[in-house]
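Please look over the structure shown below with the following numbered notes at hand. They go through the points one at a time.

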Amino acid sequence: MDYLAVVAIELSTAIATLVLIAAGLAIIFGMMRVINVAHGEFMMLGAYATLMAYTAGLNLWISVFIVAPLVAGIWGAIVEFLLIRRLYGRVADTLLATWGLSLFMIGAVTSIFGNTSKGIPTPLGAVNIGQYSISAYSLVLVLSAVAVLMATWLVLNKTRLGTVVRATIQNPDMAEALGVDHRKVYSRTFATGAAVAGLAGGVLAPISGVVPTMGAAFIAKAFITVISGGAAIVAGALSASVVFGGISQAVTFVSGAVWGEAMVLFVAVVILRVMPGGFSEFLKGKRS
Amino acid sequence: MVGPHKLISVQNTETGYGSIKVLNRLSLDVQEGEFLGILGHNGMGKSTLIRLIMGYLPAWSGSVHFRGKDITRLSIHERALLGLGYVPQGRQIFPDLTVEENLLMGLQCNIKSKCKTDVDKILDYFPRLSRLLDRNGGVLSGGEQQLLALARCLIGDPAVVLLDEPTEGIQPNILDEIVDTLLRFKKERSLSLVLVEQNLDFILDLSERVVTLESGRITGAMDPKRLQDPSVVQEYVGLC
């Protein structure tokens, strides 16, 4: 029984981690179709912002939940203004530009902070379940993922802002004719995606360590999750995270982490071969 | 100098696509409260004129004024906020938004209760849309989409609607509804209309003045009643 509880918590943590890694990219790539290869570096920036704020004496939770998304969001707005704005609709150019951005961010952070891994102590300690012990911080991961998904869904579906964002991304020319400044909407949406990526970096920093190249560990998982999730931003990202998180964790239990990662890739390829629209296509089919 | 009674004034304007000039030193005035029809062959520049007024195409020369204000360099959304409404050819409904959300896009309001009142008010003019509020715009019929596009424009209470080929592929009973609604808006809210159309009956039903457009220039103006005379139509636009 204890073992089952521990497995369930580990599984939830794996799913939540994937949700956090993918959420920012789901906004920037899933909605806006901007291939942001620097997504992992926005997470890295959030992690460093958390580290710096915490080291400077700020409360850890403020560092994670306020400073990290704020810094990444502001940087996202600057990047959108200087770089991305000129490249909407130009897929290959965006890919190259954000790759360049990714290298720039890694280089800049390395030259400022050095190439050594720094740690933030994992707060809250451990919780005992029977003879097993797990980190209580897992709960923070799960709650953060739930909060990010719920907030994204609520904003997109229940507010005027969300309606304007969805309409503008579907047809910017028509939105303009209805009084919407589409550049402003694009800029703010990109900054929000960057802020969510920064938040993910901040939340994951205490368990992953902080190093300039940490983004590389996240980028592939983020793209696999978002592409397999498909057009439905929240439902797609959630279902892809549940399936991939579940598979990864199950296979890792049996055969180790390398096989877990490999199996996720294999399943993603099969899913996209069978359902090119990803999990959203499946969910849409169910509804209709 | 632009007179205060002029709603839209296009003066000596040239524009086009790439290096191809479509409008050639075109001048046109639309009066407050006027319903103006624009007739012309395909490719003569009717839609280009509408897109120029709305700001989708830059003026290469000349100027566009709205209520005396020079809007030549304004962006599309700035013109929309001044009171220019646009219903494009092909309707451009947001397909993945519900009918209600499409309507809300036409409103510049953030107060939920006010938005709801405005939606209810517009549904009074478009009762056919009431039962479709929860449907996605993309699944509506062509006629329903045309009604929605018009309602989405009118809900924001624009001073003028620029209406581009609204009859394309639409069943006659919906066209009648569109005519009745626009005339009601004119009467109740002093709406102005610039209508680009090839359907002569539709132009006849709505326009108080018709101008003809040939090779990027306004070549004449006439009383719409003259459109009932086939020889006149043949002479001006060759549509018979």
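1. In this predicted model, strand β7 (residues 160-164) of chain B pairs with strand β8 (residues 192-196) of chain B in the parallel sense, and 5 bridges connect the two. Within that pairing, B:Val160 has B:Ser192 of β8(B) as its bridge partner.

2. Both strands belong to an open sheet of 6 strands in chain B, whose order reads β6-β7-β8-β3-β9-β10 and whose pairing is mixed. The edges are formed by β6 (84-87) and β10 (217-222) of chain B, each of which pairs on one side only. Neighbouring strands of the sheet are turned against each other by 20 degrees on average, when direction is ignored.

3. Which helix of chain B packs on this sheet? Helix α1 (residues 46-54) of chain B does so, touching β3 (35-39), β6, β7, β8 and β9 (209-214) of chain B, and the direction of this helix makes about 145 degrees with that of β7(B).

4. Elsewhere in chain B, strand β1 (residues 6-17) and strand β2 (residues 20-31) run antiparallel and are joined by 8 bridges, with B:Thr15 standing opposite B:Leu23 in β2(B). The two strands form a hairpin with 2 residues between them, and in the turn B:Gly18 has a positive phi of about 60 degrees. β1(B) also pairs with strand β4 (residues 61-66) of chain B, in the antiparallel sense and over 5 bridges; here the bridge partner of B:Ile8 is B:Phe66 in β4(B).

5. Turning to chain A, the axes of helix α1 (residues 2-31) and helix α9 (residues 216-229) of chain A come within 8 Å and cross at roughly 65 degrees, and the crossing of α1(A) and α9(A) is right-handed. Among the residues that make the contact are A:Leu18, A:Ile21, A:Leu25 and A:Phe29 of α1(A), together with A:Phe218, A:Phe223 and A:Val226 of α9(A). By type, the residues of the contact of α1(A) with α9(A) divide into 10 nonpolar, 3 polar and 1 charged.

6. How many residues does each chain bring to the contact between chain A and chain B? Chain B contributes 17 residues and chain A contributes 14 residues. On the side of chain B that touches chain A, α2 (76-82) and α3 (99-105) of chain B each supply at least two residues, and the largest share, 4 residues, comes from α2(B). The residues of that side of chain B comprise 10 nonpolar, 5 polar and 2 charged.

Definitions and conventions
Residues numbered from 1 in each chain as written. Chains lettered and ligands numbered in written order. Predicted model: local features only at pLDDT ≥ 70, side-chain atom pairs only at ≥ 80, totals over all residues. Contact = placed C-beta atoms within 7 Å. Nonpolar A, V, L, I, M, F, W, Y, C, P; charged D, E, K, R; others polar. Axes fitted to C-alpha atoms, helices over the stretch in contact; angles between N-to-C directions. Left-handed = near helix turned anticlockwise from the far one by under 90°. Pairing = 2+ DSSP bridges.
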